[in-house]
Each structure stands twice: as structure tokens, then as C-alpha cells.
There are 2 protein chains.
Amino acid sequence: MAKKLLGIDLGGTTVKFGILSLEGEVQEKWAIPTNSLEDGKHIVPDIVASIKRHLELYGLTKDDFVGIGMGSPGAVDRQEKTVTGAFNLNWAKTQQVGSVIEAEVGIPFAIDNDANVAALGERWVGAGANNPDVVFVTLGTGVGGGVIADGNLIHGVAGAGGEIGHIIVEPENGFDCTCGNKGCLETVASATGIVRLAHQMAESYEGSSPIKASLDNGDNVTSKDIFDAAQSDDSFANSIVDRFTFYLGLATANISNILNPDSVVIGGGVSAAGEFLRSRVEANFQKYTFPQVRKTTQIKLAELGNDAGIIGAASLASQFIEG
Amino acid sequence: MAKKLLGIDLGGTTVKFGILSLEGEVQEKWAIPTNSLEDGKHIVPDIVASIKRHLELYGLTKDDFVGIGMGSPGAVDRQEKTVTGAFNLNWAKTQQVGSVIEAEVGIPFAIDNDANVAALGERWVGAGANNPDVVFVTLGTGVGGGVIADGNLIHGVAGAGGEIGHIIVEPENGFDCTCGNKGCLETVASATGIVRLAHQMAESYEGSSPIKASLDNGDNVTSKDIFDAAQSDDSFANSIVDRFTFYLGLATANISNILNPDSVVIGGGVSAAGEFLRSRVEANFQKYTFPQVRKTTQIKLAELGNDAGIIGAASLASQFIEG
């Protein structure tokens with residue numbers, strides 16, 4: 001029987017598992033809730049038990065697998081296969097992950113951070129179409145990403161490579177970022193960042209707009225509300241989307257002016273705005289890229305949705321394929 | 001006898017040659033003038049003749065060499081080993097380089113563009129200290145560079161990777177760039193860019209300053225004059241250096257926020273301003289990098305000067321080392 005890969009996407013709410021072919025096809029998938037009680041000490045044992053149970057269920061053994069890959073929040077030590085400071089898992093201190101899973105399950109194990117792993121997934125069988133040069137940007141509660149250049153995930157000297165959310169897009173009058181700087185992409189391009197932009201722009205907007213009325217009223221306005229209103233021709237909402245797509249277009253253009261990837265793939269919850277968002281980011285991207293890059297680097301929407309994590313995690317494990 | 005590498009740095013004025021040990025030590029070097037007459041058709045034959053003559057002079061044969069590497073201006077096709085559009089060599093059309101040299105000299109040959117090759121040199125035995133993640137920025141008549149990430153030179157999908165001069169640092173009111181865009185780093189951080197900034201800032205500067213007087217007088221002011229005046233406490237010159245180092249600090253910070261290299265190495269003619277320039281770039285770099293990058297990525301001055309080209313070219317040839 002053809003060998004398989006096992007991908008694990010460890011999140012604060014659920015742990016997702018997938019059994020994949022070596023070509024990246026998801027053959028089985030399942031999920032368990034993340035039990036982060038008691039400093040998250042149940043998480044790794046729960047994962048081990050779930051793997052064992054499902055291998056038995058599917059009539060598989062460890063010999064059917066090339067390897068296991070995992071994406072995790074927090075600071076990942078790829079050599080030691082540990083995770084530190086994953087606060088949504090209650091893993092403040094360094095947690096042994098790979099050594100435990102390898103000992104219990106008997107399959108080689110690899111781990112990387114969740115945004116990098118999602119980037120690998122989109123690159124492998126998603127919008128990246130297995131090209132060696134792909135940049136992934138994920139727009140969610142924060143802005144994260146991963147850079148794959150010349151076929152390698154770029155970690156940098158201290159593992160901070162691919163932290164695209166901290167590119168400075170507003171060097172002189174930017175919003176405060178959680179990182180301590182001002183004007184990071186994350187402050188204006190995350191779900192909360194778009195709403196922050198809306199509040200700032202509402203102060204000087206004088207026309208009538210349902211979105212502005214909601215903001216002035218203190219209602220809970222989401223980035224989705226703003227995109228929906230913009231698509232319904234609310235001109236205030238459109239001006240917010242213009243500003244957001246300026247920042248994202250500028251940042252993706254500068255990434256591409258440095259790296260000339262085949263594509264920059266936009267994913268995460270905010271990317272649900274789809275082609276309406278992509279085309280407007282692309283217009284700014286084209287304005288700020290130089291000709292060679294403009295002609296060759298594309299702005300794409302992510303294709304794998306929630307499966308990017310398990311697929312990218314499985315692709316991490318493909319390093320154990322022999323020969 | 002230990003095997004050697006041959007590095008060639010092809011420029012518009014001279015062709016530099018170096019014979020290096022496998023460890024990157026320059027054992028012999030020489031140069032010939034670049035004869036770009038008659039569509040540059042003499043250049044490759046001149047290189048072949050010079051190599052043959054010097055091998056004989058030093059009592060060496062082709063069997064003493066692992067390979068030859070070359071850095072060239074223009075658009076380099078690494079697979080075909082050809083160069084197109086190198087206008088300072090009068091090579092407008094595609095020029096066969098590698099096939100001729102390999103056939104005539106009998107040593108495996110590799111080629112890449114000159115800025116990438118200089119980056120490889122600084123990374124190998126210069127300021128990069130052979131780290132796998134190094135970014136090189138060269139400030140000369142233009143602004144160029146090279147990105148080495150996870151040990152690989154990053155070319156991108158169309159070979160435009162590392163074109164750091166076209167990062168946009170002034171998205172809304174920038175100067176026109178030769179690439180057709182506005183606000184590229186090159187428009188404010190090249191030797192001519194600094195003088196362009198000076199002219200712009202002279203219009204609104206009201207104090208007295210020898211540099212402002214020279215500009216207003218229509219004298220020929222160079223970037224060196226501006227740095228020299230700034231070091232002599234000309235406050236107008238200092239405000240130009242502040243603006244220049246803001247742009248360069250912002251650009252190097254954003255590169256590092258994406259890639260987290262071990263170091264960003266600054267070279268080229270403008271970098272002759274030395275520690276005075278480096279420390280002021282670093283102050284801006286630290287302002288615009290997020291904490292993990294600020295703590296781990298360093299701003300360094302290039303160390304190899306004019307030898308970066310032959311050393312980097314030689315390092316290209318180390319791909320032919322067997323095993």
C-alpha cells in the first residue's frame with residue numbers, strides 16, 4: 001500500500017487531523033476539541049490517543065506512514081520539537097511535543113509554526129500550485145504569513161521570518177501595534193485593524209452612510225459589515241476598503257519587489273471578501289511593483305480554507321520520504 | 001595540490017579576475033580593460049585569452065580548478081549562461097558567455113547578476129560571516145542588492161528577486177524612478193538620490209549652510225560632499241542625512257521584518273561614509289523592526305570592497321565541488 005502522511009493543525013479551539021497521500025490528497029480527516037485546562041497538559045496525550053484510535057479505526061499501522069507534521073501557535077523550536085509561549089493553549093512554558101508523539105506513536109515527527117504551515121499547504125496543493133516561490137498572507141484577528149523562497153520555508157536567524165504583519169506601512173502617523181511599534185500592517189489589515197481604520201476615517205467623513213451611522217452609534221461593526229456595505233455602494237465603506245487595499249497592496253508589492261515570488265496568496269477570515277478584495281489589492285500592488293515583478297508575480301486568493309493547516313502540516317512530514 | 005576557484009567580475013570599465021582557494025582566500029588577482037566596442041564582441045574572447053595566459057603564467061591547468069563563476073550586469077540566464085541587455089557592455093542582444101568559456105577553457109562555468117554575486121561574496125567571507133541568511137544592499141549610482149535566505153540566493157520567478165532598489169519608501173509623493181514608478185528607494189538612497197533629496201530640501205531650508213549655498217549656486221554637489229558636511233556639523237547636510245537614513249532604515253527594517261536575516265550588509269560607494277552612516281541607518285532600523293527582529297538582525301558595513309565581485313563569483317563556482 002502507498003505510504004501516507006499525517007498532518008495535525010493544533011489550534012486554541014480544536015485540533016484537526018488529516019491523513020494524506022504523498023501527493024497531498026486528503027484521504028481522511030477528523031478533529032478533537034483542544035483541552036487547554038491545567039496548563040494544557042492534556043493536549044499532547046489527547047493527540048496521541050486520537051492518532052492511535054484513528055489508526056486502528058482505519059486499519060493502519062505506523063508502517064503505513066512516512067511521517068507526522070504539525071503546525072502550532074507559539075514559538076516553535078523545530079530541532080527540539082517543542083513549543084513555548086502558546087498562550088491560547090495555556091502553554092506558557094516550554095512544552096515537549098515531538099519527543100512524546102514520536103515515542104508513543106513511533107512515526108517521525110516535524111513541527112513548525114501555524115502560519116508557516118498554512119503557507120506550505122497553500123503552496124503545495126492550493127493557490128501556490130507547488131511553485132518554489134510563494135508568499136502567504138493570512139488576514140484574521142492578526143496578520144501573519146509565511147515565505148517560501150527557492151522551495152524553502154524562510155525562518156530567518158531567530159525564526160521571525162514570514163512575520164508579514166509587522167511590515168511598517170505607515171511610518172510617521174501609524175496606529176500602535178501590540179508589538180510595541182507603530183504603523184505595522186497588522187494595525188490596519190487585520191479584522192480589527194479594518195474597524196480601527198473605519199473609526200479613524202469616520203471622524204472626518206461628512207456624507208451619510210449606514211456604516212458611519214453604526215460606528216457613531218457605538219454599534220458593533222465588523223470587517224465583514226464594512227466589505228458588505230462597500231459592495232452595496234456605501235461610499236464611506238468604499239473609502240475604508242480603498243485605504244485597507246492601499247496598505248495591503250503596498251505591503252505585498254514591497255514583499256514582491258524584494259522576492260519576486262510566483263504569487264502572493266491572501267487567506268484568513270478577511271479574505272472571504274473574495275474577488276472584490278483581491279482585485280482592489282491587485283490594483284495597488286500593480287501601482288507599487290516595478291515592471292518585471294508586475295508582469296510575473298500574481299495576487300491570488302487562498303484555496304484551501306481550513307484545510308490549509310492539515311495539508312501544510314502533512315507536507316512538513318514529506319521531509320521524511322527516503323531517497 | 002588543493003583545487004581552486006576562478007571568479008570573474010565583469011564590469012563596464014574593467015573585467016576583474018581572481019583565483020581563490022575553496023575557503024575563499026584570494027591567491028591571485030588581475031584585471032583587464034573591458035573592450036565594449038563593436039557590440040562588445042571582444043569581451044568574451046578577451047576573457048578567454050586572459051584566463052589562458054594567466055593559467056600558463058601561474059603554472060596551472062584546467063584540472064586545478066573546480067569551476068569558474070562570473071558576475072555580470074544585465075539580465076542573466078543562469079541555465080543558458082547568457083546575458084541580455086547589458087547596455088554598459090554594449091550587449092543589447094543575447095550574448096553567449098558560458099558556452100564559449102566552457103568550450104575554450106574546459107572548466108565548468110556558472111553565472112549570475114553582479115549584485116547577487118557581490119551579495120554572495122559579502123555573505124561568504126565578508127560581513128555576512130557565512131551565515132545562511134544575509135541581505136546585501138549596494139548604494140552606488142543605483143541601489144541594488146541580493147537576498148540569501150536559508151543558504152540560497154533568492155532569484156524569484158523571473159529573476160527579479162533582490163532588486164531592493166525598487167522597494168517603495170514614499171508611496172504618495174515620491175520622486176520619479178527610472179523603472180516608471182514613484183518613490184522607489186533608489187530615488188533617494190543612491191548617490192544621485194541623496195543629491196536629489198538635497199535639492200528638494202534646499203527649497204524650504206532657511207538657515208545658512210555651505211552645502212545649501214553650493215546647491216543654490218548650481219555647483220556640482222556629490223553625496224560625499226553632503227556626508228562630509230554633515231560630519232562637520234552642517235545642520236542642513238545633517239537634515240539630508242537624516243532623511244536618507246530614515247528611508248534606508250525603513251527599507252532595511254521592512255526587509256528584515258519579512259526575512260529576519262542575520263545581517264543586512266550595506267556596501268557600494270555611498271557606504272564609504274562608514275560608521276557615521278551605519279549607526280544612523282541602524283537607529284531608524286531599530287525604530288521600524290519588531291522586537292524579535294530588532295534583537296537578532298544586525299546592520300553591518302560591507303567588508304570586501306571591490307573584491308566582493310570576484311569572491312562572490314568564485315563562490316558561485318563552488319557548486320561544482322563534487323560530493
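Chain A of this predicted model is split by the domain assignment into domain 1 (4-120 + 307-320) and domain 2 (129-303). Their C-alpha centres lie 29 Å apart. Seven residues from domain 1 of chain A and seven residues from domain 2 of chain A make up the contact between them.

**Where the two domains of chain A meet**

About 710 Å² is buried between domain 1 and domain 2 of chain A, and carbon and sulfur atoms give 62% of that. On the domain 1 side, three residues stand out: Ala115(A), Asn116(A) and Ala119(A) supply 57% of the area that domain 1 buries against domain 2, more than any other three residues. As for polar links, two residue pairs are in polar contact across this interface (both at pLDDT 80 or more), while the salt bridge count there is zero. Helix 4 of chain A gives the largest share of the domain 1 side, five residues. Sorted by class, the side of domain 1 that touches domain 2 has four nonpolar, one polar and two charged residues.

**A covered helix in chain A**

Now for helix 12 of chain A, residues 308-317, which is mostly covered, with 10 of its 10 residues buried. Among them are Ile310(A), Ile311(A) and Leu316(A), along with Gly309(A), Gly312(A) and Ser315(A). What lies over these buried residues? The cover includes strand 1 (4-10), strand 2 (14-21), strand 3 (26-33), strand 4 (65-72) and strand 8 (109-113) of chain A, and helix 4 (114-125) of chain A as well.

**Chain B against chain A**

Next comes the contact between the chains, which takes 44 residues from chain B and 44 residues from chain A. The size of an interface is often given as the accessible area lost when the parts come together. Here the area buried between chain B and chain A is about 3500 Å², with 59% of it from carbon and sulfur atoms. Val157(B), Ile258(B) and Phe290(B) supply 18% of the area that chain B buries against chain A, more than any other three residues.

The two interfaces can be set out together:

| Interface | Buried area | Share from carbon and sulfur atoms |
|---|---|---|
| Domain 1 of chain A and domain 2 of chain A | about 710 Å² | 62% |
| Chain B and chain A | about 3500 Å² | 59% |

Two salt bridges are counted between chain B and chain A. One salt bridge joins the side chains of Arg243(B) and Glu172(A), at 3.5 Å, N to O. Which elements of chain B each supply at least two residues of the side that touches chain A? They are strand 10 (143-149), strand 11 (152-153), helix 9 (235-259), helix 10 (274-288) and helix 11 (291-296) of chain B. Helix 9 of chain B gives the most, with eight residues. By class, that side of chain B has 21 nonpolar, 15 polar and eight charged residues.

Most residues other than glycine have a negative phi.

Conventions:
Residues are numbered from 1 along each chain as its sequence is written. Chains are lettered from A and ligands numbered from 1 in the order in which they are written. This is a predicted model: local features need pLDDT of at least 70, side-chain atom pairs count only at pLDDT 80 or more; totals for chains, interfaces and linings use all residues. Side-chain values use heavy atoms; hydrogens and water are left out. Buried means under 20% relative accessible area, exposed over 50%, partly exposed in between (1.4 Å probe, protein chains only). Helices (H or I, at least four residues) and strands (E, at least two) are DSSP runs, numbered from the N terminus. Contact means heavy atoms within 4.5 Å. Buried area is the accessible area (1.4 Å probe) that two parts lose on being put together, summed over both. A salt bridge is a side-chain nitrogen of Lys or Arg within 4 Å of a carboxyl oxygen of Asp or Glu. Ala, Val, Leu, Ile, Met, Phe, Trp, Tyr, Cys and Pro count as nonpolar, Asp, Glu, Lys and Arg as charged, and the others, Gly among them, as polar. Domain bounds come from an automatic or database domain assignment. A polar contact is a pair of N or O atoms within 3.5 Å; within protein, one must be able to donate a hydrogen and the other to accept it, and residues adjacent in sequence count only if both atoms are side-chain atoms.
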